[in-house]
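Hi,

Here is the structure I promised to pass on.

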Amino acid sequence: MIVSENISSYIKSLLPAAPGVLETMEQEALLEGVPIIRKDMQSFLKVMIELTRPKEILEIGCGVGFSGTVMLRSGRSDSHLTTIENYEQ
């Protein structure tokens with residue numbers, strides 16, 4: 001890691017909690033042992049989506065759909081998300 005763990009922990013403590021449905025999804029994923037993106041990556045995705053404002057988003061490996069939901073909530077109101085998962089469910 002480039003920065004010390006103390007600085008990293010401090011920065012993570014400044015990040016807001018996931019709102020509403022995202023918080024519920026996060027809790028369910030943790031209970032089921034499904035990995036979701038880290039808080040710092042959530043913030044990065046939000047910024048990138050807000051800057052680029054894509055109309056089409058492709059997510060490969062969606063798990064519970066947490067990161068896709070983060071991206072859709074951060075983008076345009078007419079954005080479309082396509083997810084690809086490599087297992088039968």
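To start with a helix: how many residues does helix α2 have, and what distance does it reach from its first C-alpha to its last? Helix α2 (residues 20-32) has 13 residues and reaches 19 Å, close to the 18 Å expected at 1.5 Å a residue. That expected span is 1.5 Å times one less than the number of residues, and helices (H or I, at least four residues) and strands (E, at least two) are DSSP runs numbered from the N terminus.

Within α2, the residues L22, M25, E26 and A29 are buried. Looking down the axis of α2, you find its buried residues within an arc of 100°, so they line one face of the helix. The arc is taken from the directions from the helix axis to the C-beta atoms. "Buried" is under 20% relative accessible area, "exposed" is over 50%, and "partly exposed" is in between (1.4 Å probe, protein chains only).

Before you read on, a word on the model: it is predicted, local features need pLDDT of at least 70, side-chain atom pairs count only at pLDDT 80 or more, and totals for chains, interfaces and linings use all residues. Residues are numbered from 1 along each chain as its sequence is written, and side-chain values use heavy atoms, with hydrogens and water left out.

The mean pLDDT (the predictor's confidence in each residue, from 0 to 100) is 85 for the protein, and 89% of its residues reach 70 or more. Confidence is lowest in helix α1 (residues 5-14), with a mean of 74, and highest in strand β1 (residues 56-60), at 93.

Now the charges. The whole structure has four salt bridges, each being a side-chain nitrogen of Lys or Arg within 4 Å of a carboxyl oxygen of Asp or Glu. One of them pairs R38 with D40, with the closest N and O atoms 3.2 Å apart. R38 counts as exposed at 52% relative accessibility, while D40 is partly exposed at 33%.

D78 pairs with K55 at 4.0 Å. D78 sits in the loop between α4 (66-74) and β2 (80-84) and K55 in the loop between α3 and β1, so this pair ties together parts that are 23 residues apart in sequence. D78 also bridges to R76, at 2.9 Å. Shared partners join K55, R76 and D78 into one network.

Finally, F44 is in helix α3 (residues 39-52) and is partly exposed, at 46%.

Cheers
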